[in-house]
Amino acid sequence: GGMGTVYKARQISMNREVAIKVLKHEYAKNQLAKARFEREAKAASRLSHPNTIRVYERAVSDQGFLYQVIELLHGESLADIMDDEGAISLSRSINIMSQICDSLAEAHEFKVTHRDLKPENIFIEPKHGNPEFVKVLDFGIAKIAEPTVSLATATGMICGTPAYMSPEQAMGKPIDGRSDIYALGILLWEMLYVDRPYDGDTPMEIMLQHINGPVPELPTPHSPEVHLALSDLFAWLLAKAPDDRPQTCVELKERLLAIASGPLARDIALSDTQAAPTLDVPQSRPVPVVSKPQPATDPPGRARSWGAIAAAAVLGLLT
């Protein structure tokens, strides 16, 4: 990445392959870069969920290099998968999203908000009998809710990627786990429909749409029943006010699994066998935001996202 280098190595004491992420020496005196590097390790070291990237150790070498010893992954990012395959089926998307929810549920329990969820930060590898085992990466701009907050994550500073920012994040307001849930709504939309719900010529235009724009109408590759269920789901996920969204990732996962296993399961299976939508998805038309739905009672290539707007320096992703 731009500010870090990742090496494949073997940890002799444990006889295992690892990745060593090193902050480039020219940034060693950059306080914001160092703060982000340390914060990423601190945030990830609190977490132990299997769907979260593991940081084994962080230290400074004898030569003054900051480094982290990280779990070595084998697979590819969700961004690369979507570049190669385009839209992802609904049942497959729900499987991936459910695992992301599991990772974030633990992070939010520890008062850690990721703040930069996007396809590049979701890694997929075959593992534990799951051909698409999810790892959530890069807590480098994560906000840790503590009595003292570092400059790089202070309220009023806009950190993250505009295409996935919640309205409150785009405005520099205080955020919590519900901001991550909004980003998951954008991510799920992109997985299903290739395009993202909000777009623009500049990062500022995109952020203004997150703040002011209504939830667009969905493209319609699914049955009417599935389309209605997804419309209600996205109206809930992309609500402008955090109080109108799912309040926890556990609540969101339960809703996703209810959709996948309830009366709509047959329609979803049928829709998964149909051709995926192409890159030429028509422009979405805005419609009024509907009210928060009640909990369920029954059980193609893509354009790269805008670069992060951040006060802190942005380190490269582990690939």
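**Strand pairing in a predicted model**

Student: In what order do the three strands of the open sheet stand?

Tutor: This is a predicted model, where local features need pLDDT of at least 70, side-chain atom pairs count only at pLDDT 80 or more, and totals for chains, interfaces and linings use all residues. Residues are numbered from 1 along each chain as its sequence is written, and side-chain values use heavy atoms, with hydrogens and water left out. Strands (E, at least two residues) and helices (H or I, at least four) are DSSP runs numbered from the N terminus, and two strands pair if DSSP finds at least two bridges between them. The pairing in this open sheet is antiparallel, and the order is E5-E7-E8.

Student: Why is one side of E5 and of E8 left without a neighbour in the sheet?

Tutor: Strand E5 (76-77) and strand E8 (130-136) stand at the edges of the sheet.

Student: Which residue in the turn of the E1-E2 hairpin has a positive phi?

Tutor: Strands E1 (residues 4-11) and E2 (residues 16-23) pair in the antiparallel sense over eight bridges. Four residues lie between them in the hairpin, and the one with a positive phi, about 50°, is asparagine 15.

Student: What is the bridge partner of isoleucine 20 in E4?

Tutor: E2 also pairs with strand E4 (residues 66-71), in the antiparallel sense over five bridges. In E4, the partner of isoleucine 20 is valine 69.
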